[in-house]
Amino acid sequence: MKSIILVVDDDKTNLTLVKKIFLSEYRLAACNSGMAALDS
């Protein structure tokens, strides 16, 4: 079972880059704000 990483960044480019780097090894939960991260 893959571990989950929570990624929070307001820049869509950074979120896309992190997904490309880590998606093969981890499950990702991506949010574009701190408030959205707290709600997830």
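Predicted model: local features only at pLDDT ≥ 70, side-chain atom pairs only at ≥ 80, totals over all residues.
Good morning, colleagues. I shall begin with the overall architecture. The protein has two helices and two strands, and along the sequence these elements follow the pattern β-α-β-α. The C-alpha trace spans about 25 × 20 × 5 Å along its principal axes.

Let me turn to the strands. Strand S1, residues 4-8, pairs with S2 in the parallel sense, over five bridges. Within this pairing, Leu6 has Ala29 of S2 as its bridge partner.

Ser24 lies between helix H1 (12-22) and strand S2 (27-31). Is Ser24 buried or exposed? Its relative accessible area is 53%, and because the cut-off for exposed is over 50%, Ser24 counts as exposed. Ser24 and Lys2 are 22 residues apart in sequence, with a C-alpha to C-alpha distance of 9.3 Å.

Leu17, Ile21, Phe22 and Tyr26 make a nonpolar patch of about 360 Å². Of these residues, Leu17 belongs to helix H1 and is partly exposed, at 48% relative accessibility.

Finally, some totals. Of the 40 residues in the protein, 10% are buried. The accessible surface comes to about 3300 Å², and carbon and sulfur atoms account for 57% of that area. Among contacts with a separation of 6 or more, 30% join residues 24 or more positions apart.

Thank you for your attention.

Terms used: Residues numbered from 1 in each chain as written. Heavy atoms only, no water. Helix = DSSP H or I, 4+ residues; strand = E, 2+ residues; numbered from the N terminus. Buried < 20%, exposed > 50% of the residue type's maximum accessible area, 1.4 Å probe, protein only. Patch = residues over 30% accessible without salt bridge, like charges linked within 9 Å, V, L, I, M, F, W, Y side chains within 5 Å. Areas by Shrake-Rupley, 256 points an atom, 1.4 Å probe, with all protein chains shown as cover. Salt bridge = Lys/Arg side-chain N within 4 Å of Asp/Glu carboxyl O. Pairing = 2+ DSSP bridges. Contact = heavy atoms within 4.5 Å.
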